[in-house]
Amino acid sequence: MIVVLSKGVSQHDKEMVRIYLKDRGFAVRDQVLGDDEVIGGTGKGVVDLRELGLLPGVERVAATSKPYELASRESKPGNTIVTVGTGTSQVKIGGSRISVIAGPCAVESRDQIMETAARVRESGAVMLRGGAYKPRSSPYAFQGLGMQGLEFMKAAGEANGMPIVTEVVSPEFAGQMKDLTDMFQIGARNMQNFELLKKVGSLGKPVLLKRGPSATIEEWLLSAEYLLAAGTRDVVLCERGIRTFETYTRNTLDISAISVVKGLSHLPVIVDPSHAVGIRAMISSAALAAVAAGADGLTVEVHPRPDEALSDGPQSLYPEQFERLMRDIEALAPVVGKELLRTPRPSAGNVLKVSGKSGASATEAVSPSNLPIAFSGESGAYAEQALMRAFGEEAPRLQAASFRGVFDAVLEGAAGFGVVPVENSLAGSVHENYDLFLRYPDIAMVGELKLRIVHCLIADEKASIENISIVRSHPQGFAQCRDFLDKYPAWQLEACNDTATAVASIAREGATKVAAIAGEAAAKAHGLRVLKAGIETNPLNYTRFVIISRRNGSNLAPIPPSLGSDKPNKASLVFSVPDESGALFSCLKIISDRGLNLSKLESRPIQGQPWEYQFYVDVTIPSTEDTFAGAVEELRTRTENFYFLGEYRASL
Ligand code: PEP
Ligand code: MN
């Protein structure tokens with residue numbers, strides 16, 4: 001049983017809770033679980049949970065039905081997010097991100113780990129793995145470079161802005177490794193080495209706990225319990241394949257363990273496809289399957305020359321294979337409602353660069369800021385989901401009543417950034433926001449993000465589909481659920497400013513004949529029920545959000561690492577052309593001649609000027625910036641009303 005104590009509980013009240021439990025036959029233990037201070041009670045004692053919940057200083061009581069308590073979801077319903085490392089290269093594991101760890105099986109030399117670290121970092125890995133002490137099946141196999149290997153690894157991690165994770169094989173080594181590694185790995189063979197677990201857990205560092213090759217899920221979680229009970233708060237579970245009768249692959253990847261563990265525990269779960277499968281050609285598909293199944297991340301073995309590897313060469317990916325895998329993960333992530341975690345690279349300059357209207361790049365003096373990020377709508381809005389994806393769940397937020405309110409908040413400096421939708425893959429451009437960019441020339445696009453949209457029909461607990469007569473949503477919500485709505489022609493559709501506002505209005509009114517089309521998060525945020533999920537016409541439904549910021553403001557903040565800190569590779573422009581033959585063609589020719597890839601071209605009537613049109617254009621920026629700046633200058637001279645909306649890192 002877990003007793004979660006109130007924030008700022010007094011020593012006296014805490015002691016009274018301990019005495020209460022001891023008097024009733026429990027062994028008690030103080031613990032910290034996430035942000036909560038808890039008292040764990042184990043044993044066969046009997047207690048009146050309601051009475052216990054009423055004691056001073058008690059926030060809530062969770063009676064766990066599992067043999068593990070601290071690791072159990074019953075004791076902590078929310079997901080634990082584990083933080084590894086410090087500073088700008090800090091990595092979070094869990095929540096809505098996919099964090100990828102990569103590196104060689106073993107550290108073989110300074111050069112080898114340096115080269116591997118640079119290659120995997122280039123492809124987007126955020127943490128470096130590598131064994132300094134190798135537990136090998138044969139006593140004659142390479143045993144690792146020991147502490148020297150760990151020192152090489154730390155240097156490689158620092159040079160590339162990556163926290164490191166390495167295996168600890170014995171309690172005696174743990175103390176000396178503590179200052180060099182950012183995260184300890186408990187290897188599969190040591191999962192039930194309880195003295196090792198107790199020692200490593202007591203050091204308080206994050207731990208990656210591999211599942212033993214013959215361990216049941218319950219045994220695995222009990223090992224996590226050892227670590228948590230010994231004092232660490234940060235445990236990440238790692239499925240790495242189990243022994244089955246099948247011998248074709250090295251082990252059998254227990255893909256369903258991911259969702260089983262996520263149901264049982266609040267701890268993040270990552271997958272090691274390398275040790276699970278053991279055959280290079282089959283690692284990437286297993287890795288993608290793990291992401292599709294809900295893994296919070298991966299740890300993958302990569303070697304610059306696998307044929308020369310001193311251990312696990314046959315399962316080590318070539319750097320090119322890893323790069324391809326990372327691109328595939330990035331494309332898959334939005335399908336499962338996640339974002340591939342990116343952290344700033346030390347060399348890449350992790351501050352925002354905003355271009356002037358002319359497109360000529362000018363690096364601004366940028367000061368970090370803790371200003372909130374603005375979005376339009378009620379809590380649970382898709383824009384809020386996008387915001388959390390880009391800036392993290394904990395990011396301070398500012399709710400605006402309209403898209404215009406988001407632009408105002410950013411312009412006036414009440415918000416450091418804003419998040420607005422610009423395009424949906426089913427319903428097309430959000431013209432209102434394009435128009436706002438034209439009216440707010442001091443606001444620029446500085447990032448983009450794609451969010452998968454799963455619409456739900458949401459209503460009061462007591463409502464049923466048969467009784468619904470009114471449906472509220474944003475017009476885009478109606479457009480994206482056309483086929484579903486066509487089945488209910490009697491429903492009256494009422495447009496709202498955004499989908500979450502539609503949900504909030506039903507909650508406020510207590511209406512039982514009204515439903516809303518919005519995301520599941522909005523239903524949760526307002527305590528309503530999902531009558532039907534996935535009602536969008538096509539499940540490949542994505543909305544592209546852009547991050548906006550002030551062009552010349554002092555409130556510019558570091559770019560969110562999840563959006564990539566590398567050089568911008570995409571730009572958005574709006575222009576109109578003179579009413580003469582070949583005018584649009586000559587603009588497209590400039591784009592083509594300079595080798596820019598046109599990824600969007602849309603024409604739209606100009607407000608107040610009947611039968612005149614402007615063009616929305618997205619282009620990729622080639623690596624030679626001069627070409628791009630030149631193209632922009634030339635376009636400006638050939639067009640009328642040229643607007644440079646911003647340049648940013650494209651999301652896949
Ligand atoms: C490793 O990750 O280096 C390793 C030895 O894996 P496992 O403990 O899963 O066999
Ligand atoms: Mn290995």
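A salt bridge is taken here as a side-chain nitrogen of Lys or Arg within 4 Å of a carboxyl oxygen of Asp or Glu. The structure is a predicted model, in which local features need pLDDT of at least 70, side-chain atom pairs count only at pLDDT 80 or more, and totals for chains, interfaces and linings use all residues. Residues are numbered from 1 along each chain as its sequence is written, and side-chain values use heavy atoms, with hydrogens and water left out.

The structure holds 39 salt bridges. One of them joins the side chains of Arg544 and Asp618 at 3.0 Å, N to O. This pair links distant parts of the chain, with Arg544 in strand 28 (residues 542-550) and Asp618 in strand 31 (residues 613-620), 74 residues apart; strands are DSSP runs of E, at least two residues long, and helices are runs of H or I of at least four, numbered from the N terminus. Arg544 counts as buried at 6% relative accessibility, as does Asp618 at 3%, where buried means under 20% relative accessible area (1.4 Å probe, protein chains only). Salt bridges with shared partners join Arg544 and Asp618 to Glu423, Glu448, Lys570, Lys600 and Glu602 in one network.

A further salt bridge, 2.9 Å from N to O, is formed by Arg211 and Glu239, and both residues are buried.

The manganese ion (ligand 2) is coordinated at 2.0 to 2.4 Å by Cys105 (SG), His275 (NE2), Glu301 (OE) and Asp312 (OD). Donors are N, O and S atoms within 2.8 Å of the metal (3.2 Å for Na, K and Ca); water is not among the atoms, so sites may look incomplete. Cys105 and Asp312 are buried.

Definitions and conventions. Chains lettered and ligands numbered in written order. Buried < 20%, exposed > 50% of the residue type's maximum accessible area, 1.4 Å probe, protein only.
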